[in-house]
Each structure stands twice: as C-alpha cells, then as structure tokens.
Amino acid sequence: MAAHRKPKQHPLTGPAARTAATLALAGAATTTAFNGTALAEPALTPAQVKAKVDKLYVEAEAATEKYNGAKEQTASARRSLDELRDEATRRTELLNTSRNALGSIATAQYRAGGIDPALQLALSSDPDEYLERAALAERVGARQADAIAGVHQQLVDIARLRAEAGQRTDALTARQTELARHKATVQDKLSAAERLLDQLTAAQRASYDSSQGTSNGGYGDAATGARADRSAAPRGSLQAPNPRAAQAVAFAYGALGKPYVWGATGPDSFDCSGLTQAAWRSAGVSLPRTTYTQINAGRRVSLSELAPGDLVFFYSGISHVGLYIGGGQMIHAPRPGAPVRVAPIDEMPFAGATRPA
C-alpha cells in the first residue's frame, strides 16, 4: 500500500506566502517612509531660520578673523623669504667675485711657469731685489690664504642661507594651506547661511533684513548712514577724549553705509576688524589686523569707563569688534548683507574693551 504523503507546500505559497507578503508590504511602506517625506526635516519657521543664520554668521566671522591672521602671517613669511633670497643672491655675487680673483691669481702663476716663489727668489742675484721680492711674495701668499678662507666662509654662509630659505619656504606653504582652509570655512558658512535664507519668502527675507537694522539707530542703509555721518559725526567727535580718538570716530561715521566684505580693510568695504584698523590708521595709530590681537593693542577699560574711540569686543572667542561712539552705541561692520552701521553694544555678548590711545 502506498504511503499517504501530505502534499509539499512551496515555502512562499499558502499561509506562509500571505504572511511574507504582508511583511514585505509593511517593509516597503516603512522604507518609503524612511526614504520619502515621512522623515524629511520639518520646514523651519522664520525664527528658526534667523537663529541658524545668526549662528552661521558668528561662526563665519570667527573664521574670518582666523583667515585675516593667517593672511598676515602668509604675507610676513613671503617677505621674509624674499629678503633671504635677496641676501643669498648678494652673497653668491660676492662669491663669484672672490672666485674670479682666485682664478686670476692661478692664471698668472700658470703663465709664470708655475715656478715656486722660493725658487724664483733663489735665482735672483741681487740681494736688494731678493728681499723686496720675498716681502712681496709673503704678502701675496697671505692675500691668497685670506681669499681662499673668504671663499670657504662664503660657501658656508650660502649653504646656511639656502637651508634657511628651504625652511621658510615650508613655513610659507603651511601658512598658505592654513589660509586656504580658513577661506573655505568662511565660504562654507556663508553659503549655508544663504541657503537657509533662500527658504524664506520675499516678505520673510525682507523682515529678517529689516530686523537686523531695527536696533541700529535707524542707520541700516547707505542713505541713512550718510545722513548720520553729516548729523552725528560732530557730536561723536566732540565727545572723544583726545584728537586721535576723535579722528577715529569721524572716520567710522564716514564709513556708515559701506558694505561688509570679509577680509576687507577699506576704503570701499570692510570687515569688523578691518574697519577699526582703518579708523585708527586715519588717526596715525597702527592697530594689528585681527580682533584677538587688537584687544591687546592698548589699555583695557571697563564698561563704565568707555569713551568714544574705544574698541569694544564681543563673544567668548573675541570674534567681533566695533568702535564705541558714546551713549551705549558703536559703529561696526556687522556681517555680509549688513553695511557699516550704528548699533547698541548690548546687542551681542560683551567680551571686553581697549583704548588704543
């Protein structure tokens, strides 16, 4: 009798198939949810966009100051290398002159038959001539020895200069790499900020831009800045503690409305430390290039001691600076898209103040 066998079910048919199909559909739905709109970031509110953009601008400015410092170091390294190469060129010219002199002496000896000076003297029959030529030979020998020693020292000096030039070339390359890195960081931050702002409607963008000027004494655009220059510069200048500070303040008023451009030091555009440096330069005072070096370029003063012309610094990293003009106000270059303007010093976290003169 044949054995009764239960029909073999395919693993993907019957109830198992239905279960697998259900799981597959569920998995597909889940995958769609993960890859589709279910996990997409929710749209940011204008307030959230503003907060993120403001943070990016602060980070970009910190990177800008590092860029400014690296740029200054790069220029210094390049000047130092050029000076060293010029010195090496001068030393090489001296070496060639010394070598030519030795070559002339050698040629003269060859033409004289290469006779040893002592033998030539011995052949002389005139005692006076003998003594005279002996003294001359001694002097020539001493000069030759000095010339050879001089050439040797010049070779040593040139080798040292070339080794030092190699080290300075490496230093310059490192500074250039650092400069490029900081530049890329600034550009990345600013591009990210612009992408966020592009999410806003035209009305929201206008509201954001205007909000950046509402606390700036009404001097948010170039036209208003020019009016502020004409009307307020004399008042600010008269409050300054000395003529140099008055000149720095007057320069800052004259810059109102000019655009912010990172890395710029004027006369048509500025970043924050570029503006303060240019303002004090107009008064005959040389300030360092960056915020974190400018804060040490003078006497520290407290908030209660502030006078027009003082430099006021912000954020824990000393990444922003403005020029105090009195009445709790400063003139500063805020950020890309926001021109040089008047603003209250309490709109950013205060980090310190310095009086250059």
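Trainee: What makes strand 3 and strand 4 a hairpin?

Mentor: In this predicted model, strand 3 and strand 4 have 2 residues between them and form a hairpin. Strand 3 covers residues 320-326 and strand 4 covers residues 329-332; the two run antiparallel and are joined by 3 bridges. Gly-326 stands opposite Gln-329. In the turn, Gly-327 has a positive phi of about 65°.

Trainee: What joins strand 4 to strand 5?

Mentor: Strand 4 and strand 5 (residues 341-344) run antiparallel and are joined by 4 bridges. Ile-331 has Val-342 in strand 5 as its bridge partner, and His-332 stands opposite Arg-341.

Trainee: Why are strand 1 and strand 5 said to stand at the edges?

Mentor: The sheet is open, with 6 strands in the order 1-6-2-3-4-5 and antiparallel pairing. Strand 1 (299-301) and strand 5 each have a single partner strand, so one side of each has no neighbour in the sheet. From one strand to the next, the twist averages 40°.

Trainee: Which strand is joined to strand 2 by 4 bridges?

Mentor: That strand is strand 6 (residues 350-355), which runs antiparallel to strand 2 (residues 311-314). Leu-311 stands opposite Thr-354 in strand 6.

Trainee: Which helices lie against these strands?

Mentor: Helix 7 (residues 243-254) packs on the sheet and touches strand 3 and strand 4, its direction making about 110° with that of strand 3. Helix 8 (residues 272-281) lies across strand 2, strand 3 and strand 4, and runs at about 45° to strand 3.

Trainee: What makes strand 5 covered on both faces?

Mentor: Arg-341 and Ala-343 are buried on one side of strand 5, and Val-342 and Pro-344 are buried on the other. In general, side chains of a regular strand alternate between the two faces of the sheet.

Trainee: Why are the buried residues of helix 7 placed on the same side?

Mentor: The buried residues of helix 7 are Ala-245, Ala-246, Ala-248, Val-249, Ala-252 and Tyr-253. They are placed on the same side of helix 7 because they cover an arc of only 160° around the axis.

Trainee: What caps the N-terminal end of helix 7?

Mentor: Asn-242 is the cap, with a side-chain oxygen 3.1 Å from the backbone nitrogen of Arg-244. The cut-off for a polar contact is 3.5 Å, and the value of 3.1 Å for Asn-242 therefore falls within that limit.

Trainee: Why is Ser-269 called buried?

Mentor: Buried means under 20% relative accessible area. Ser-269 has 17% relative accessibility, and therefore counts as buried. Ser-269 is in the loop between helix 7 and helix 8, where its contacts beyond four places in sequence are Pro-259, Val-261 and Ala-264.

Trainee: What makes the bond between Gly-266 and Pro-267 a cis peptide bond?

Mentor: Omega is about 0° for the bond joining Gly-266 and Pro-267, and this bond is cis. Pro-267 is found in the loop between helix 7 and helix 8. Most peptide bonds are trans.

Trainee: Why is Tyr-315 called partly exposed, whereas Ile-318 is called buried?

Mentor: The limit for buried is under 20%, and exposed means over 50%. Tyr-315 has 22% relative accessibility and so counts as partly exposed. Ile-318, with a relative accessible area of 15%, is therefore buried.

Key. Residues numbered from 1 in each chain as written. Predicted model: local features only at pLDDT ≥ 70, side-chain atom pairs only at ≥ 80, totals over all residues. Heavy atoms only, no water. Pairing = 2+ DSSP bridges. Axes fitted to C-alpha atoms, helices over the stretch in contact; angles between N-to-C directions. Contact = heavy atoms within 4.5 Å. Buried < 20%, exposed > 50% of the residue type's maximum accessible area, 1.4 Å probe, protein only. Arc of directions from axis to C-beta. Polar contact = N/O pair within 3.5 Å; in protein donor to acceptor, adjacent residues only side chain to side chain.
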